[in-house]
Amino acid sequence: MHSVEEYVFRLYDLLPPARAVSGAIGLDRAGGFAVVNTLLVGFGLACWFVWVRPGRRPARAVAFAWALLETLNGLGHFALAYAAGGYFPGLYTAPLLLILGIRLLARLLRGFSRAVP
């Protein structure tokens, strides 16, 4: 949902890093943004199926990294909207990222404190 909101409201035209990454793969920025976001979602799914779901050794670190990334992404969209003085692409779904990221971080940290003597 978040990537769709960013695409529909053209984040790739408004945010310089998104503009650079989207244009760097040899397509128009809209197409590049769609490809990059599809790869990012695919990478997230690969992390889930390869490390987290089977409970492999790096599972906790991978889950922690994703939770931190999503939390920072949510906070970043609030900061961008504040700086813009209004709506900025991704703002509507940022609360979902923030809530889910913080909940996952809290769960991971609770589990970590139980594992450490």
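This is a predicted model: local features need pLDDT of at least 70, side-chain atom pairs count only at pLDDT 80 or more; totals for chains, interfaces and linings use all residues.
User: What share of the residues count as buried?

Analyst: The protein has 117 residues, and 28% of them count as buried. As for contacts with a separation of 6 or more, 51% are between residues 24 or more positions apart.

User: Which residues make up the largest nonpolar core?

Analyst: That core consists of eight residues: Leu 11, Tyr 12, Ala 18, Ala 30, Phe 33, Ala 81, Phe 88 and Leu 91. Two or more core residues come from each of the elements α2 (11-14) and α4 (29-52).

User: What does Phe 88 touch, leaving out residues up to four places away in sequence?

Analyst: With those residues set aside, Phe 88 touches Leu 11, Leu 14, Leu 15, Leu 80 and Ala 81. Leu 11 and Ala 81 are also listed, with Phe 88, in the largest nonpolar core.

User: Turning to the aromatics, how many aromatic pairs does the structure hold?

Analyst: The structure contains five aromatic pairs. One of them is formed by Tyr 12 and Phe 33, a tilted pair at 5.5 Å centre to centre with 45° between the planes. Tyr 12 belongs to helix α2 and Phe 33 to helix α4, so this pair ties together parts 21 residues apart in sequence.

User: Are Tyr 12 and Phe 33 buried or exposed?

Analyst: Tyr 12 counts as buried because its relative accessibility is 4%. Phe 33 is buried too, having a relative accessible area of 6%.

User: Which residues do ring pairs link into a cluster with Tyr 12?

Analyst: The cluster comprises Tyr 7, Tyr 12 and Phe 33, linked by ring pairs.

User: What about the rings of Phe 43 and Trp 66: how are they arranged?

Analyst: Their ring centres are 6.1 Å apart and their planes are at 45°, so the pair is tilted. Phe 43 sits in helix α4 and Trp 66 in helix α5 (residues 59-84); the pair links distant parts of the chain, 23 residues apart. Phe 43 has a relative accessibility of 48% and therefore counts as partly exposed.

User: At what angle do α4 and α5 pack?

Analyst: The angle is about 150°, and the axes of α4 and α5 are 9 Å apart. Angles over 145 degrees count as roughly antiparallel, so α4 and α5 are roughly antiparallel to each other. The crossing of α4 past α5 is left-handed.

User: Which residues make the contact?

Analyst: On the α4 side they are Leu 40, Phe 43, Gly 44, Cys 47, Trp 51 and Val 52. On the α5 side they are Ala 59, Val 62, Ala 63 and Trp 66.

How values were computed: Residues are numbered from 1 along each chain as its sequence is written. Side-chain values use heavy atoms; hydrogens and water are left out. A nonpolar core is a set of buried Ala, Val, Leu, Ile, Met, Phe, Trp, Tyr and Cys residues joined through side-chain atoms within 4.5 Å. Buried means under 20% relative accessible area, exposed over 50%, partly exposed in between (1.4 Å probe, protein chains only). Helices (H or I, at least four residues) and strands (E, at least two) are DSSP runs, numbered from the N terminus. Contact means heavy atoms within 4.5 Å. Rings of Phe, Tyr and Trp (its six-membered ring) pair if their centres lie within 6.5 Å; planes under 30 degrees apart count as stacked, over 60 as edge-to-face and the rest as tilted. Axes are lines fitted to C-alpha atoms, for helices over the stretch in contact, and angles run from 0 to 180 degrees between N-to-C directions. Angles under 35 degrees count as roughly parallel, over 145 as roughly antiparallel, 65 to 115 as roughly perpendicular and the rest as oblique. A crossing is left-handed if the near helix is turned anticlockwise from the far one by less than a right angle, and right-handed if clockwise.
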